[in-house]
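The sequence and structure are shown first, and the discussion follows.

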Amino acid sequence: QSWTVLGKVLKAAKKGRIRGPVVIHTGTNGTVEKSLLLKVARKVPTIVVLVTAKAARSWVPGVNATLRAVDTKRADVVLFDWHKYSGGHGSWFYGDGIHLTSSGAAAYANGIARTLHR
């Protein structure tokens, strides 16, 4: 869940353990609290890549709206729109439409790399 992931990122930032970009992909399994995400963006001493969720779940549109809103508020936060990027690429996913095949994992990594090098 997002509060667990974001809590671990905050703890690592507090202990000075973050040295490079942080990629956060959360929201597939539940909602994301905007205030906690903004706190992470403020505390992490490096660029943060937020990755939109892609799943047939009722909360995903709201999660993605929250991720997009945080992206526009912070210069050190960038968005990788995985939901859009992966659209029409059914072969990147197993039958559940969430978990990645090897070609999906490669596309995911490539998309993040492109986002970081913009």
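The coordinates come from a predicted model. Ala-113 is placed in helix α5, which covers residues 102-116. With a relative accessible area of 31%, Ala-113 is partly exposed; this class applies because the value lies between the limits of 20% for buried and 50% for exposed residues. His-89, by contrast in location, belongs to the loop between α4 (82-85) and α5. Its relative accessible area is 32%, and His-89 is therefore partly exposed.

Each of these two residues can be related to a position elsewhere in the chain by a C-alpha separation, as tabulated below.

| Residue pair | Separation along the chain | C-alpha distance |
|---|---|---|
| Ala-113 and Phe-80 | 33 residues | 9.6 Å |
| His-89 and Leu-36 | 53 residues | 32 Å |

**Packing of α1 and α2**

Two packed helices are described by the angle between their axes and by the distance between those axes. Helix α1 (residues 2-14) packs with helix α2 (residues 34-43) at an angle of about 20°, and the axes are 10 Å apart. Angles under 35 degrees count as roughly parallel, and α1 and α2 are therefore roughly parallel to each other. Their crossing is left-handed.

On the α1 side, the contact is formed by Trp-3, Leu-6, Val-9, Leu-10 and Ala-13. These meet Leu-36, Leu-37, Lys-39, Val-40 and Lys-43 in α2. Sorted by class, the contact comprises eight nonpolar residues, two charged residues and no polar ones.

**Nonpolar cores**

The largest nonpolar core contains 25 residues. Within this core, the residues with the most contacts are Leu-6, Ile-24, Leu-37, Val-40, Val-44 and Leu-50. Two or more residues are given to the core by each of α1, β1 (22-24), α2, β2 (48-51), α3 (60-73) and β3 (77-80). Helix α2 gives the most, with five residues.

Which residues does Leu-37 touch, not counting those up to four places away in sequence? Leu-37 touches Leu-6, Val-32, Leu-50, Thr-66, Leu-67 and Val-70. Leu-6 and Leu-37 also take part in the contact between α1 and α2, and both are listed among the residues with the most contacts inside the largest core.

Terms used
Residues are numbered from 1 along each chain as its sequence is written. This is a predicted model: local features need pLDDT of at least 70, side-chain atom pairs count only at pLDDT 80 or more; totals for chains, interfaces and linings use all residues. Side-chain values use heavy atoms; hydrogens and water are left out. Helices (H or I, at least four residues) and strands (E, at least two) are DSSP runs, numbered from the N terminus. Buried means under 20% relative accessible area, exposed over 50%, partly exposed in between (1.4 Å probe, protein chains only). Axes are lines fitted to C-alpha atoms, for helices over the stretch in contact, and angles run from 0 to 180 degrees between N-to-C directions. Angles under 35 degrees count as roughly parallel, over 145 as roughly antiparallel, 65 to 115 as roughly perpendicular and the rest as oblique. A crossing is left-handed if the near helix is turned anticlockwise from the far one by less than a right angle, and right-handed if clockwise. Contact means heavy atoms within 4.5 Å. Ala, Val, Leu, Ile, Met, Phe, Trp, Tyr, Cys and Pro count as nonpolar, Asp, Glu, Lys and Arg as charged, and the others, Gly among them, as polar. A nonpolar core is a set of buried Ala, Val, Leu, Ile, Met, Phe, Trp, Tyr and Cys residues joined through side-chain atoms within 4.5 Å.
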